[in-house]
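Have a look at it first, then read on.

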Amino acid sequence: MKNTLFWRLLASIFFVTVGLFAFINYLTDKTQLEMSFIKTEDQQQLINYAKQAEKLYLQGDQQALQDWITSLQQTEKTWVAIITSQLTPEFGSYVDKKFNEEFRLGRGVDWKVHLYFDQNPVIELPFLDKRTHFLIRLPERMRPVLT
């Protein structure tokens, strides 16, 4: 009788302990995952930057676009660029149309940001032509942080 009670108590402690650690691990992973994404308002700000860049680009005023990029870099204390992708196949090969349409130079605003990397990722927002890209290194103020 005493022996059975001892094993039941031991088994109960074991399962409660394993369950508690599993629950803590789940909460930690869930919290960290949720904290790995750029805030919605910051995502929208990055999208607005890209729209403004595209508007200036389409107007053809290179000086205005250059001034805007310089101002944005100073304001956000980060790197900004407008890049055109011109993939040139060599040696009788060709570039699949699908690859041209989905060519990426950075990550999207809705991608997970690795919290433990020292350097902020480059965010890419393609213009409507899919060949011109707004690139910005994620400003430090927009970086998700562990608290």
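## The sheet

E1 and strand E3 (residues 132–137) run antiparallel and are joined by five bridges; strands count as paired if DSSP finds at least two bridges between them. Within that pairing, Ile-82 sits opposite Phe-134 of E3. This is a predicted model, where local features need pLDDT of at least 70, side-chain atom pairs count only at pLDDT 80 or more, and totals for chains, interfaces and linings use all residues. Residues are numbered from 1 along each chain as its sequence is written, and side-chain values use heavy atoms, with hydrogens and water left out.

The open sheet has three strands in the order E1-E3-E2, with antiparallel pairing. Strand E1 (80–84) and strand E2 (122–126) are at the edges with a single partner strand each, so one side of each has no neighbour in the sheet. From one strand to the next, the twist averages 25°. Strands (E, at least two residues) and helices (H or I, at least four) are DSSP runs, numbered from the N terminus.

## Two helices side by side

Helix H2 (residues 40–59) packs with helix H3 (residues 62–76) at about 160°, axes 9 Å apart. Axes are lines fitted to C-alpha atoms, for helices over the stretch in contact, and angles run from 0 to 180 degrees between N-to-C directions. H2 and H3 are therefore roughly antiparallel (angles over 145 degrees).

Contact (heavy atoms within 4.5 Å) involves Tyr-49, Gln-52, Ala-53, Leu-56 and Tyr-57 of H2, plus Ala-64, Leu-65, Trp-68, Leu-72 and Glu-76 of H3.

## Helices on the sheet

H3 lies across E1 and E3, at about 140° to E1.

Methods. Angles under 35 degrees count as roughly parallel, over 145 as roughly antiparallel, 65 to 115 as roughly perpendicular and the rest as oblique.
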